[in-house]
Amino acid sequence: MALRSRAAVGVNGFGTIGRRVAWAASQQRDMEVVGVVKTKPDYAAMQAASAGLPLYVPGEREAEAFRRAGLEVRGALRDLLKEVDVIVDATPDGVGATYAKAYSEAGVRAIFQGGEEASVAKVSFSALCNYDEAVGKESVRVVSCNTTGLLRSICALNSAIGVKSVNAFLVRRAADLQEVKRGPVNAIVLNPARVPSHHAGDVRSVLPWLEISTAAVVVPTTLMHVHYVNVRLRGAATREEVIEALRASPRVLVVSSSRSGVESTAQLIDAARHVRPRGDIPELVVFEESVSVRGEEASFIQAVHQESIVVPENVDAIRASLGMADAEESVRATNEALGIGRLPGLAGSPSAKG
Ligand code: NAD
(Lines give C-alpha, C1' and ligand atoms only; values in the text may rest on other atoms or scores of the structure.)
Protein backbone atom coordinates (compact mmCIF):
# COMPACT_ATOMS: atom_id res chain seq x y z
CA MET A 1 0.00 0.00 0.00
CA ALA A 2 1.42 3.43 -0.87
CA LEU A 3 1.26 6.34 1.57
CA ARG A 4 -1.76 8.46 0.60
CA SER A 5 -1.86 12.27 0.69
CA ARG A 6 -1.92 14.27 3.93
CA ALA A 7 -4.50 13.44 6.58
CA ALA A 8 -6.23 16.37 8.31
CA VAL A 9 -5.92 15.66 12.04
CA GLY A 10 -7.71 17.29 14.99
CA VAL A 11 -6.90 16.74 18.66
CA ASN A 12 -9.56 17.01 21.36
CA GLY A 13 -8.00 17.30 24.83
CA PHE A 14 -4.62 19.03 24.95
CA GLY A 15 -3.00 17.64 28.11
CA THR A 16 -0.16 15.16 28.67
CA ILE A 17 -1.06 12.93 25.72
CA GLY A 18 -2.90 15.37 23.42
CA ARG A 19 -0.04 17.88 23.32
CA ARG A 20 2.44 15.16 22.41
CA VAL A 21 0.20 13.56 19.78
CA ALA A 22 -0.41 16.97 18.17
CA TRP A 23 3.35 17.54 18.01
CA ALA A 24 4.03 14.01 16.73
CA ALA A 25 1.36 14.23 14.01
CA SER A 26 2.75 17.61 12.93
CA GLN A 27 6.15 15.92 12.37
CA GLN A 28 4.69 13.42 9.85
CA ARG A 29 4.98 14.19 6.14
CA ASP A 30 1.52 12.72 5.52
CA MET A 31 -0.36 14.55 8.29
CA GLU A 32 -1.43 18.08 9.07
CA VAL A 33 -2.79 19.20 12.45
CA VAL A 34 -5.67 21.54 11.64
CA GLY A 35 -6.77 22.31 15.19
CA VAL A 36 -6.71 21.42 18.87
CA VAL A 37 -9.53 21.67 21.39
CA LYS A 38 -8.77 23.36 24.73
CA THR A 39 -11.15 23.91 27.64
CA LYS A 40 -9.21 26.73 29.35
CA PRO A 41 -6.95 29.58 28.16
CA ASP A 42 -4.01 28.40 30.29
CA TYR A 43 -0.28 28.12 29.51
CA ALA A 44 -0.84 25.10 27.26
CA ALA A 45 -3.37 27.10 25.20
CA MET A 46 -0.90 30.01 24.93
CA GLN A 47 1.83 27.62 23.79
CA ALA A 48 -0.49 26.06 21.20
CA ALA A 49 -1.27 29.53 19.86
CA SER A 50 2.40 30.53 19.76
CA ALA A 51 3.20 27.28 17.90
CA GLY A 52 0.62 28.28 15.28
CA LEU A 53 -1.91 25.58 16.20
CA PRO A 54 -5.48 26.79 15.62
CA LEU A 55 -7.46 26.71 18.89
CA TYR A 56 -11.00 25.37 19.22
CA VAL A 57 -13.20 25.01 22.31
CA PRO A 58 -15.65 22.21 23.25
CA GLY A 59 -18.70 24.53 22.94
CA GLU A 60 -19.23 28.26 22.25
CA ARG A 61 -19.65 28.81 26.04
CA GLU A 62 -15.88 28.41 26.62
CA ALA A 63 -14.84 30.85 23.87
CA GLU A 64 -15.35 34.08 25.84
CA ALA A 65 -12.63 33.28 28.40
CA PHE A 66 -10.15 32.70 25.55
CA ARG A 67 -11.06 36.01 23.91
CA ARG A 68 -10.60 37.79 27.25
CA ALA A 69 -7.13 36.20 27.48
CA GLY A 70 -6.32 37.54 24.01
CA LEU A 71 -6.44 34.14 22.31
CA GLU A 72 -8.14 33.68 18.95
CA VAL A 73 -10.67 30.84 18.89
CA ARG A 74 -11.47 29.33 15.49
CA GLY A 75 -14.70 27.73 16.62
CA ALA A 76 -16.22 24.90 18.59
CA LEU A 77 -15.44 21.18 18.36
CA ARG A 78 -18.31 20.72 15.90
CA ASP A 79 -16.60 23.23 13.55
CA LEU A 80 -13.27 21.40 13.85
CA LEU A 81 -14.97 18.10 13.04
CA LYS A 82 -15.98 19.56 9.64
CA GLU A 83 -12.30 20.22 8.84
CA VAL A 84 -10.70 16.88 9.76
CA ASP A 85 -10.42 13.31 8.50
CA VAL A 86 -9.61 12.02 11.96
CA ILE A 87 -9.94 13.27 15.53
CA VAL A 88 -7.61 12.07 18.26
CA ASP A 89 -9.52 12.13 21.55
CA ALA A 90 -7.10 12.69 24.44
CA THR A 91 -9.63 13.94 26.99
CA PRO A 92 -9.55 12.57 30.59
CA ASP A 93 -10.57 8.98 31.41
CA GLY A 94 -14.20 8.36 30.50
CA VAL A 95 -14.74 11.76 28.85
CA GLY A 96 -13.87 10.43 25.38
CA ALA A 97 -16.91 8.15 25.43
CA THR A 98 -19.18 11.18 25.84
CA TYR A 99 -17.89 12.48 22.48
CA ALA A 100 -18.12 9.18 20.58
CA LYS A 101 -21.55 9.97 19.09
CA ALA A 102 -20.46 13.44 17.91
CA TYR A 103 -17.42 11.98 16.13
CA SER A 104 -19.46 9.24 14.51
CA GLU A 105 -22.21 11.65 13.38
CA ALA A 106 -19.57 13.94 11.87
CA GLY A 107 -18.30 11.00 9.83
CA VAL A 108 -14.70 11.32 11.01
CA ARG A 109 -12.39 8.56 12.19
CA ALA A 110 -11.88 8.64 15.96
CA ILE A 111 -8.80 7.55 17.91
CA PHE A 112 -9.50 7.07 21.63
CA GLN A 113 -7.09 6.48 24.53
CA GLY A 114 -6.67 3.73 27.11
CA GLY A 115 -8.63 5.58 29.82
CA GLU A 116 -11.80 4.66 27.91
CA GLU A 117 -13.51 1.29 28.12
CA ALA A 118 -12.56 -1.04 25.26
CA SER A 119 -16.18 -0.89 24.05
CA VAL A 120 -15.72 2.78 23.04
CA ALA A 121 -14.08 1.72 19.75
CA LYS A 122 -14.24 -1.01 17.14
CA VAL A 123 -10.76 -2.25 18.05
CA SER A 124 -8.12 -1.86 20.80
CA PHE A 125 -4.74 -1.21 19.24
CA SER A 126 -1.01 -1.71 19.61
CA ALA A 127 0.87 -1.12 16.34
CA LEU A 128 3.30 -4.03 16.53
CA CYS A 129 0.62 -6.51 17.66
CA ASN A 130 -2.55 -5.91 15.64
CA TYR A 131 -2.17 -3.02 13.18
CA ASP A 132 -4.08 -4.88 10.46
CA GLU A 133 -7.19 -5.23 12.64
CA ALA A 134 -7.47 -1.42 12.76
CA VAL A 135 -7.17 -0.82 9.01
CA GLY A 136 -10.22 1.10 7.79
CA LYS A 137 -11.96 1.06 11.21
CA GLU A 138 -14.06 4.12 12.05
CA SER A 139 -12.84 4.06 15.67
CA VAL A 140 -9.66 2.75 17.29
CA ARG A 141 -8.64 2.73 20.97
CA VAL A 142 -4.91 3.00 21.72
CA VAL A 143 -4.43 0.96 24.90
CA SER A 144 -2.95 2.52 28.06
CA CYS A 145 0.73 3.21 28.68
CA ASN A 146 1.25 0.14 30.91
CA THR A 147 -0.62 -2.09 28.47
CA THR A 148 1.35 -0.68 25.53
CA GLY A 149 4.58 -1.44 27.42
CA LEU A 150 3.50 -5.01 28.16
CA LEU A 151 2.35 -5.57 24.58
CA ARG A 152 5.64 -4.26 23.13
CA SER A 153 7.72 -6.97 24.81
CA ILE A 154 5.07 -9.71 24.60
CA CYS A 155 4.50 -9.23 20.86
CA ALA A 156 8.25 -9.00 20.15
CA LEU A 157 8.78 -12.34 21.89
CA ASN A 158 5.63 -13.85 20.44
CA SER A 159 6.59 -13.15 16.84
CA ALA A 160 10.20 -14.33 17.29
CA ILE A 161 9.74 -17.30 19.64
CA GLY A 162 6.07 -17.70 20.66
CA VAL A 163 4.46 -16.86 24.01
CA LYS A 164 2.17 -19.12 26.07
CA SER A 165 1.51 -17.09 29.21
CA VAL A 166 2.66 -14.00 31.13
CA ASN A 167 2.86 -12.89 34.77
CA ALA A 168 3.79 -9.28 35.41
CA PHE A 169 4.29 -7.03 38.43
CA LEU A 170 3.81 -3.32 37.69
CA VAL A 171 5.31 -0.47 39.72
CA ARG A 172 3.38 2.57 38.56
CA ARG A 173 4.27 6.24 38.73
CA ALA A 174 1.85 8.23 40.89
CA ALA A 175 1.19 11.24 38.67
CA ASP A 176 2.25 13.22 35.64
CA LEU A 177 4.06 16.53 36.25
CA GLN A 178 1.08 18.85 36.15
CA GLU A 179 -1.10 16.65 38.34
CA VAL A 180 -0.15 18.55 41.48
CA LYS A 181 -2.98 17.21 43.63
CA ARG A 182 -2.38 13.48 43.11
CA GLY A 183 -0.57 11.13 45.46
CA PRO A 184 0.64 9.09 47.17
CA VAL A 185 3.32 11.26 48.77
CA ASN A 186 4.55 8.65 51.24
CA ALA A 187 3.12 5.19 50.58
CA ILE A 188 3.22 2.21 48.26
CA VAL A 189 -0.42 1.71 47.29
CA LEU A 190 -1.77 -1.60 46.00
CA ASN A 191 -3.43 -0.69 42.71
CA PRO A 192 -5.82 -2.42 43.10
CA ALA A 193 -5.64 -4.57 46.28
CA ARG A 194 -6.61 -7.66 44.30
CA VAL A 195 -5.02 -9.72 41.56
CA PRO A 196 -5.24 -9.57 38.61
CA SER A 197 -5.13 -5.81 38.08
CA HIS A 198 -7.10 -4.46 35.11
CA HIS A 199 -3.94 -4.48 32.95
CA ALA A 200 -4.28 -8.21 32.24
CA GLY A 201 -7.75 -7.69 30.76
CA ASP A 202 -6.48 -4.69 28.81
CA VAL A 203 -3.67 -6.76 27.26
CA ARG A 204 -6.31 -9.33 26.31
CA SER A 205 -8.32 -6.62 24.54
CA VAL A 206 -5.52 -6.87 21.93
CA LEU A 207 -4.37 -10.49 22.44
CA PRO A 208 -7.56 -12.35 23.50
CA TRP A 209 -5.79 -15.75 23.41
CA LEU A 210 -3.10 -14.85 25.96
CA GLU A 211 -3.07 -16.32 29.48
CA ILE A 212 -1.89 -13.38 31.60
CA SER A 213 -2.00 -12.19 35.21
CA THR A 214 -0.84 -8.77 36.43
CA ALA A 215 -0.47 -7.12 39.83
CA ALA A 216 0.29 -3.43 40.36
CA VAL A 217 1.35 -0.91 43.00
CA VAL A 218 1.67 2.89 42.80
CA VAL A 219 4.78 4.65 44.14
CA PRO A 220 5.61 8.34 44.71
CA THR A 221 7.38 9.26 41.45
CA THR A 222 6.40 11.10 38.27
CA LEU A 223 9.09 9.69 36.02
CA MET A 224 8.20 6.24 34.61
CA HIS A 225 6.56 2.91 35.34
CA VAL A 226 8.71 -0.21 35.92
CA HIS A 227 7.51 -3.78 35.24
CA TYR A 228 8.91 -7.16 36.22
CA VAL A 229 7.71 -9.47 33.44
CA ASN A 230 7.79 -13.26 33.50
CA VAL A 231 6.98 -14.97 30.19
CA ARG A 232 6.41 -18.66 29.47
CA LEU A 233 7.63 -19.18 25.89
CA ARG A 234 6.40 -21.73 23.35
CA GLY A 235 9.64 -23.70 23.55
CA ALA A 236 13.05 -23.35 25.14
CA ALA A 237 15.20 -20.40 24.12
CA THR A 238 18.60 -19.02 25.01
CA ARG A 239 19.14 -15.71 26.78
CA GLU A 240 20.79 -14.40 23.60
CA GLU A 241 17.71 -15.32 21.53
CA VAL A 242 15.40 -13.49 23.93
CA ILE A 243 17.60 -10.38 23.95
CA GLU A 244 17.87 -10.48 20.16
CA ALA A 245 14.07 -10.78 19.78
CA LEU A 246 13.58 -7.71 22.00
CA ARG A 247 16.36 -5.76 20.31
CA ALA A 248 14.94 -6.49 16.86
CA SER A 249 11.68 -4.74 17.72
CA PRO A 250 11.60 -1.22 16.24
CA ARG A 251 10.09 0.22 19.45
CA VAL A 252 12.15 -1.48 22.14
CA LEU A 253 15.48 -0.20 23.45
CA VAL A 254 17.60 -2.83 25.17
CA VAL A 255 19.76 -0.81 27.57
CA SER A 256 22.87 -2.22 29.18
CA SER A 257 23.29 -0.90 32.70
CA SER A 258 26.95 -1.94 32.83
CA ARG A 259 27.82 -0.07 29.59
CA SER A 260 25.61 3.03 30.03
CA GLY A 261 25.71 3.38 33.83
CA VAL A 262 21.89 3.61 33.86
CA GLU A 263 20.22 1.73 36.72
CA SER A 264 17.14 3.88 37.33
CA THR A 265 14.26 5.67 35.65
CA ALA A 266 15.75 9.00 36.75
CA GLN A 267 18.94 8.32 34.77
CA LEU A 268 16.92 7.25 31.72
CA ILE A 269 14.95 10.50 31.75
CA ASP A 270 18.11 12.51 32.43
CA ALA A 271 19.79 10.91 29.40
CA ALA A 272 16.74 11.54 27.21
CA ARG A 273 16.44 15.18 28.29
CA HIS A 274 19.70 16.00 26.56
CA VAL A 275 18.82 14.46 23.19
CA ARG A 276 15.02 14.28 22.89
CA PRO A 277 12.23 16.88 22.76
CA ARG A 278 10.74 17.07 26.31
CA GLY A 279 13.03 14.17 27.36
CA ASP A 280 10.46 11.72 26.00
CA ILE A 281 11.19 8.00 25.62
CA PRO A 282 8.42 6.54 23.43
CA GLU A 283 10.30 3.24 23.18
CA LEU A 284 9.89 0.49 25.76
CA VAL A 285 13.18 0.18 27.68
CA VAL A 286 14.32 -3.33 28.65
CA PHE A 287 17.29 -3.55 31.02
CA GLU A 288 19.68 -6.01 29.37
CA GLU A 289 21.29 -7.42 32.51
CA SER A 290 17.84 -8.14 33.99
CA VAL A 291 17.04 -10.64 31.21
CA SER A 292 17.13 -14.14 32.63
CA VAL A 293 16.11 -17.31 30.74
CA ARG A 294 15.66 -20.85 32.05
CA GLY A 295 14.31 -23.21 29.42
CA GLU A 296 10.88 -21.91 28.40
CA GLU A 297 10.78 -19.21 31.08
CA ALA A 298 12.10 -15.71 30.43
CA SER A 299 12.00 -12.79 32.83
CA PHE A 300 13.18 -9.20 32.62
CA ILE A 301 12.66 -5.68 33.99
CA GLN A 302 11.28 -3.00 31.68
CA ALA A 303 10.55 0.72 32.00
CA VAL A 304 7.67 2.64 30.44
CA HIS A 305 7.65 6.41 29.92
CA GLN A 306 3.96 6.91 30.55
CA GLU A 307 3.77 10.37 28.98
CA SER A 308 5.08 9.32 25.58
CA ILE A 309 4.91 5.55 24.94
CA VAL A 310 1.44 5.76 23.36
CA VAL A 311 2.34 8.71 21.11
CA PRO A 312 3.74 6.73 18.12
CA GLU A 313 0.82 4.30 18.54
CA ASN A 314 -1.61 7.19 18.03
CA VAL A 315 0.20 8.22 14.85
CA ASP A 316 0.02 4.64 13.52
CA ALA A 317 -3.63 4.36 14.58
CA ILE A 318 -4.39 7.43 12.44
CA ARG A 319 -2.78 5.81 9.39
CA ALA A 320 -4.44 2.45 10.05
CA SER A 321 -7.93 3.89 10.51
CA LEU A 322 -7.63 5.91 7.30
CA GLY A 323 -6.02 3.02 5.41
CA MET A 324 -3.04 5.24 4.55
CA ALA A 325 -0.25 2.68 4.95
CA ASP A 326 0.44 -0.88 6.02
CA ALA A 327 1.96 -1.68 9.41
CA GLU A 328 5.59 -1.77 8.32
CA GLU A 329 5.35 1.48 6.33
CA SER A 330 3.55 3.29 9.12
CA VAL A 331 5.86 2.17 11.92
CA ARG A 332 8.90 3.08 9.81
CA ALA A 333 7.51 6.52 8.88
CA THR A 334 6.51 7.30 12.48
CA ASN A 335 9.83 6.14 13.89
CA GLU A 336 11.87 8.11 11.35
CA ALA A 337 9.90 11.31 11.92
CA LEU A 338 10.18 11.03 15.72
CA GLY A 339 13.73 9.65 15.92
CA ILE A 340 12.53 6.46 17.59
CA GLY A 341 15.03 3.62 17.99
CA ARG A 342 18.13 5.74 18.56
CA LEU A 343 18.93 7.16 21.97
CA PRO A 344 22.60 8.15 21.93
CA GLY A 345 24.53 6.74 24.86
CA LEU A 346 21.84 4.17 25.64
CA ALA A 347 20.89 2.12 22.59
CA GLY A 348 20.40 2.03 18.84
CA SER A 349 23.54 4.03 18.00
CA PRO A 350 27.19 3.13 17.42
CA SER A 351 28.15 4.69 20.74
CA ALA A 352 25.95 2.22 22.62
CA LYS A 353 26.05 -1.33 21.29
CA GLY A 354 22.55 -2.54 20.76
P1 NAD B 1 -4.71 15.16 30.90
O2 NAD B 1 -5.58 15.45 32.08
O3 NAD B 1 -3.27 15.49 30.97
O4 NAD B 1 -5.30 15.90 29.61
C5 NAD B 1 -6.65 15.93 29.32
C6 NAD B 1 -6.98 17.25 28.66
O7 NAD B 1 -8.36 17.26 28.28
C8 NAD B 1 -6.77 18.45 29.59
O9 NAD B 1 -6.13 19.47 28.87
C10 NAD B 1 -8.21 18.85 29.98
O11 NAD B 1 -8.32 20.24 30.23
C12 NAD B 1 -8.96 18.48 28.71
N13 NAD B 1 -10.40 18.26 28.91
C14 NAD B 1 -11.06 17.98 30.06
N15 NAD B 1 -12.37 17.83 29.80
C16 NAD B 1 -12.53 18.04 28.48
C17 NAD B 1 -13.65 18.05 27.63
N18 NAD B 1 -14.89 17.82 28.10
N19 NAD B 1 -13.47 18.30 26.31
C20 NAD B 1 -12.23 18.53 25.82
N21 NAD B 1 -11.13 18.55 26.58
C22 NAD B 1 -11.28 18.30 27.90
O23 NAD B 1 -4.95 13.63 30.56
P24 NAD B 1 -3.92 12.65 29.84
O25 NAD B 1 -2.97 12.12 30.85
O26 NAD B 1 -3.37 13.31 28.62
O27 NAD B 1 -4.89 11.45 29.48
C28 NAD B 1 -5.72 11.49 28.33
C29 NAD B 1 -6.08 10.05 27.97
O30 NAD B 1 -4.87 9.35 27.67
C31 NAD B 1 -6.77 9.26 29.08
O32 NAD B 1 -7.64 8.33 28.49
C33 NAD B 1 -5.62 8.52 29.74
O34 NAD B 1 -6.00 7.35 30.42
C35 NAD B 1 -4.77 8.21 28.51
N36 NAD B 1 -3.35 7.96 28.80
C37 NAD B 1 -2.68 8.73 29.69
C38 NAD B 1 -1.35 8.44 29.95
C39 NAD B 1 -0.57 9.21 30.97
O40 NAD B 1 0.31 8.64 31.59
N41 NAD B 1 -0.82 10.46 31.17
C42 NAD B 1 -0.70 7.41 29.28
C43 NAD B 1 -1.40 6.69 28.33
C44 NAD B 1 -2.74 6.96 28.11
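Colleague: Which helices and strands each supply at least two residues of the lining of the largest pocket?

Modeller: This is a predicted model. In it, α1 (16-26), α2 (43-50), α5 (95-106), α7 (145-160) and α8 (198-204) each give at least two residues to that lining, and so does the strand β9 (163-173).

Colleague: What makes a residue part of the lining, and which ones are closest to the centre of the largest pocket?

Modeller: A lining residue has an atom within 4 Å of a pocket point. The largest pocket, with a volume of about 1,200 Å³, has 46 such residues, and the closest to its centre are Ile 17, Thr 91, Pro 92, Asp 93 and Glu 179.

Colleague: How do you know which domains the lining of the largest pocket draws on?

Modeller: Domain 1 (7-143 + 310-338) and domain 2 (146-304) each contribute at least three residues to it. The domain bounds come from an automatic or database assignment.

Colleague: What is the make-up of that lining by class?

Modeller: It has 19 polar, 14 nonpolar and 13 charged residues. Gly counts as polar here.

Colleague: What is the volume of the second largest pocket, and which residues are closest to its centre?

Modeller: The volume is about 530 Å³. Of its 23 lining residues, Thr 16, Arg 19, Arg 20, Arg 278 and Asp 280 are the closest to the centre.

Colleague: Which element gives the most to the lining of the second largest pocket?

Modeller: That is α1, with six residues. The elements that give two or more are α1, α2 and α11 (265-273).

Definitions and conventions
Residues numbered from 1 in each chain as written. Predicted model: local features only at pLDDT ≥ 70, side-chain atom pairs only at ≥ 80, totals over all residues. Heavy atoms only, no water. 1 Å grid on protein atoms, 1.4 Å probe; cavity = no way out; pocket = protein on both sides within 12 Å on 5 of 7 lines; lining within 4 Å. Points joined across faces, edges and corners; volume = space filled by probe spheres on them. Helix = DSSP H or I, 4+ residues; strand = E, 2+ residues; numbered from the N terminus.
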